[in-house]
Each structure stands twice: as C-alpha cells, then as structure tokens.
Amino acid sequence: MKSLRARLMVGILATMLATCAGLFLWYRAEVTRERTGEWDSVLREIAYLTLLSLPSGLENTVAERSLALPNEQRLDSREVRVIFQAWSLANGFSVLHSPGAPQAPLVPDMQDGFSTTLVDGEPWRVYAVTDAESRIQVQVGKPQSMLREELHERLTRGLLFVGVLALALACVVGWVVHWSIGPVTRISRQIMGRRPTDLHSLPTGDLPAELRPLVESFNRLLGRLDEAMQNERRFLVDAAHELRTPLAVMTVQTENALRCEDPQQLRTELDKLLATTQRSARLSEQLLDMARLDANGRDGDNAEVALHTVVSVVARDFETSAADRGQRIRLETEACVVRGQVDPLGILVRNLIDNAVRYSGRNAHIAISCRRDAGAGASHVVLTVADDGPGVPEEEHRRIFDRFYRVAGTAERGSGIGLSLVAQIAELHAAAVEVGTGLHGRGLRVSVRFPATTPAVSAAA
C-alpha cells in the first residue's frame, strides 16, 4: 500500500474499529455478567422498589382484578419488558402481579436471590426478595430471549453509529491528507516544469513540519548537484583553455620539423616537440586527477595507509629527472600510518615532489621527510618537501594553491594545477597545509600535517 491517504485511513479506521469491537465485547460482558451485570442489577433494583412500595397488610388480601388504562392508552402485554409478582408467604397466594405475568410463581421454591428458571418451557432470569418480617416475597423476572433481543438491538444501533462515524471520519481524513500534501503536489508540479539544469532550491515556507525535512534534504542534494555541475563547467572551461596553448605549440613545432632539411636542426625541433608533448601529457594527467577529485569528493573507503612507503616509492620515480637537472634528493622517513585513500595520497606526494623538482632549478637540493610529530599533546604525521631554489614571495604563499595560478617571473612552464590538487587532497584527509622558507633560509617548504592513527614506530627508510 503506497498511498499515504490510504495508509492513514486504513490505520485510523482499523484502530477505531478494533477499539469499538473491544468496547462492544466489554459492554456485552458488563451487561450479561451475573449478579453484578446490568441485567441482574435492573432486576434487583425493580424488586427492591416494588417491595418498598407495597403497603403493610397487603399479605392478607388476594389480587382479583386490576385496574385498566383508557382505551386510547391500552398497553400490549407483549411490550412489557419486566414481569413482577408479589406472593404472601403465609398462605401462598398472589397479592400483586404485573400484566401478563404467569399464574405460577417465577421462583417455585421461594428462595431469595438470583436464579434461572423455566417458565412455560422458556428460560427466565429471576430475582426474588422477601421483606424483613418474611410476610411477602417479590419476584421480578425477564425472559432471557428478551434480554438477548435487547442486547442485539443495542449492539445493532451501536454498529450503525460506528459505521456512520467511520464514513464521516474517512471523508475528514481524506480531506485533511489532501490539504496537508497539497504543497508537496505543487512542488512536484514545479519540478516537472523545470529545465534539466535548473537546480534552485525548492520552497519550504508552507510545508507541514513533518514534510519539511524531506524537502530540505532534496534541497541539500540539489545544492550538491549544482556544485558538481559548476565544477564540471569550470573544469571544461579551464581544461580547454590550458590545452589550447600546448596544442598550438605542438602544431607549430611539428610544422617546423617537417620543413627542416638539416638533421641537426630536425633533432632540435623534435626535442622541443618531445618536451611540449611531455608537458601536455603531464597537464592532461593533472586535469584528470582534478576531475576525479571533483567527481568523487569524499566518496570511497578510508583505510590505514603507510604514508612513508608511498613517499619512498614516488620519490624513487623522480630520481632520473632530478639527476638530469643535477639535483640531489635527500629522503628521510619513519614508519607513519595515516587514514585515507592510497591513490589520492600518491597524487599529493607526486605533485609536491614534481613541484620541487620543476621549480627549484638546476643543481638544487631537495629534502623530503615523513615523520611523526607529537607536539601540542596530539599525534600527527608531517610530510615535508623543501628545496633551496628561488622560492615564492611570502605574500604569494596562499595564492599558490589556487587553480591555474602561476608565480610571475618563473622560467619553468607549468599548469598551475599541482599545488591546488595538494590542497584539495589534504582537505579530503583532514590535513593542514603549511608553507614556509625552504633549505638554508631560501627556497620553498611545503608541509602537510595529517592526523596519525597509530603510535610512533621508528624505522629509517
């Protein structure tokens, strides 16, 4: 059952009907319970009132003929609900009886109290009471068939009332549900009429309090979708802008190489083309890394990662390119475990080392360290890459993590993406990035401080 209206009506009506059924059963038990039930209580009350209404000395008279009602008010004895008799215990004569009462005593043995007897072959419920001086006994009775008929009549009227009430309640519930979900229906129409790219928040002003959290969660989802689409648009624009220049350069260099007749000049042009191709490949790789991070965000299972191993493996990949530039890389690590994802952490380390190798200049010194730091009462893992190159002016330290930002006057050509990826991955791993002066009071130092997961274990790598 998927309809909210149907669920509410079924739930409310089922609860009401179950409650009414319980009430009917309870009422039936209360009415028919012997001695303390409604039937027996009425018989006892009539017997007491009848006995107390009799005059003294009535036991010495004999009932002969009763008075009669006027013709227009004639009483049908079949409509009489309760029958009573008054018997003289001294001589056993009937001194008083109601119209239609049997000739014989309702209680032949003249015992006080409740009893069920047969009168003309039909079971009766009877109550007998005797006065204090044991002169007169009043017997009050009613056929059990009449009692059952009366109970059936009451229950039938009750069921009819409950049926009408249930029908009215169903109409009210249906109208209330329709009125309550009216704002949601209007919102659904608005959504159906929107363009696919319209991700503005849905209105929540006139929504019921119970439905507002649902629509607010939709709005948060729409906000994330809009952010993802904006990131995708920015990525496409930035990627097109960044790839346009190297592709144009590659086209020119290829045309120059095709026109070269001198082998030495041809090799020179091919070397330029190779360098441009390598820069384009690196740019494409960084753009893809950036796209994956934008798309996945925090998705993925975090696990314990041996960061010192990742740093050692990535650093060895740069040994050849650093040697070609006359650079020296010093690596110092100890066992460091952080919680995160291996691939993004590898991208972070690779971009930090690539940035140092690319911009520190020829014959530079590069120091890479991965250590545990228990300062300030908290345990952290600190990854540091420092060099003694030209460095970055202090006023531009914050801007180097912006996408596609390049420090003015830098001889080495780059994309301006590497350090922005470092900042993004650090944020995903709850790490802090710090920038300062590099080796020997010059150059650049970039440190990434991760929350540690295990106690320090010293091990030189």
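W175 and W179 sit 4 residues apart in helix α3, residues 144-180, so about one helical turn separates them. Keep in mind that this is a predicted model. The two tryptophans form a stacked aromatic pair, with 6.0 Å from centre to centre and 5° between the planes. Both W175 and W179 are exposed.

By the rule used here, the count of aromatic pairs comes to 3. Another of them is Y48 with Y127: the ring centres are 6.0 Å apart and the planes stand at 80°, over the 60 degrees required, so this pair is edge-to-face. Y48 is partly exposed, at 37% relative accessible area. Y127, at 9%, counts as buried, because the cut-off is under 20%. Y48, Y127 and F114 together make one aromatic cluster.

Next, the strands. β4, residues 122-130, pairs with β5 in the antiparallel sense over 7 bridges. In that pairing, A128 stands opposite Q139 of β5. The two strands form a hairpin with 5 residues between them, and S134 in the turn has a positive phi of about 55°. β5 also pairs with β1, residues 83-88, again antiparallel, over 6 bridges. There, I83 has G141 as its bridge partner.

How buried is β5, residues 136-143? 8 of its 8 residues are buried, so the strand is largely enclosed by the rest of the structure. Both faces are covered: I136, V138, V140 and K142 lie on one side, with Q137, Q139, G141 and P143 on the other.

How values were computed. Residues numbered from 1 in each chain as written. Predicted model: local features only at pLDDT ≥ 70, side-chain atom pairs only at ≥ 80, totals over all residues. Heavy atoms only, no water. Buried < 20%, exposed > 50% of the residue type's maximum accessible area, 1.4 Å probe, protein only. Pairing = 2+ DSSP bridges. Phe/Tyr/Trp six-rings, centres within 6.5 Å; stacked < 30°, edge-to-face > 60°.
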